[in-house]
Amino acid sequence: MSNMSELNVWTGNVQKEWVDYNGHMNDAAYAKVFSLSLDALMEHIGLDEAGRAELAYTIFTLEAHLKYVSEVHESQTLHVAIKLLDADAKRMHLWFEMKEGEGNTVATSEQMVMGMDESIGRPAPFPTTVHEKISKLPLLEKEEWPEGANQPMGIRRKK
């Protein structure tokens with residue numbers, strides 16, 4: 001696996017329709033940006049529209065954990081980078097980090113995704129060409145994982 005630290009996959013601006021009654025980006029819009037970022041990763045590994053059709057293969061999100069770090073406002077520029085936490089024959093454990101134009105983290109999304117053979121409608125190992133591209137993604141060793149990765153959600157109680 002590659003040792004570069006992250007793969008920048010998406011850049012865009014906060015759209016007017018993403019801003020809610022509080023004057024900042026709505027929670028669903030953060031999820032939309034992370035979904036667009038997963039689509040961009042799929043294109044990067046050969047699962048763009050043509051690749052999905054040719055291979056009869058796609059990726060489904062099994063689980064996503066979104067953390068909102070700070071507010072963003074209309075027209076602000078956002079960048080999303082991905083780090084691979086783990087992978088096997090048909091799954092990827094991904095860490096997405098959304099940053100605003102000055103490089104400050106505004107949200108993170110940890111996702112477990114699985115490859116699906118569309119010809120049978122079931123999970124299946126990544127096609128060889130896709131697997132080869134996944135193997136070149138920036139993979140973090142467990143001790144390098146971001147502090148918030150693989151953490152359960154819960155109310156923290158004072159002792």
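## Ala56 and its loop

Ala56 sits in the loop between α2 (49-55) and β2 (57-68); helices (H or I, at least four residues) and strands (E, at least two) are DSSP runs, numbered from the N terminus. The model is predicted, with local features needing pLDDT of at least 70 and side-chain atom pairs counting only at pLDDT 80 or more, while totals for chains, interfaces and linings use all residues. Residues are numbered from 1 along each chain as its sequence is written, and side-chain values use heavy atoms, with hydrogens and water left out.

Although Ala56 is not a glycine, its phi is positive, at about 50°. Most residues other than glycine have a negative phi. Ala56 is partly exposed, with a relative accessible area of 24% (buried means under 20% relative accessible area, exposed over 50%, partly exposed in between, with a 1.4 Å probe and protein chains only).

## Glu110 in β5

Glu110 belongs to strand β5 (residues 105-117) and is buried, at a relative accessible area of 10%. Not counting residues up to four places away in sequence, Glu110 touches residues including Glu63, His65, His93, Trp95 and Asn150; contact means heavy atoms within 4.5 Å.

The side chains of Glu110 and His93 are joined by a polar contact of 2.6 Å. A polar contact is a pair of N or O atoms within 3.5 Å; within protein, one must be able to donate a hydrogen and the other to accept it, and residues adjacent in sequence count only if both atoms are side-chain atoms.

## Asn150

Asn150 lies in the segment after α3 (128-134). Its backbone nitrogen is 2.8 Å from a polar atom of the Glu110 side chain. Asn150 has a positive phi, near 60°, and is partly exposed, with a relative accessible area of 47%.
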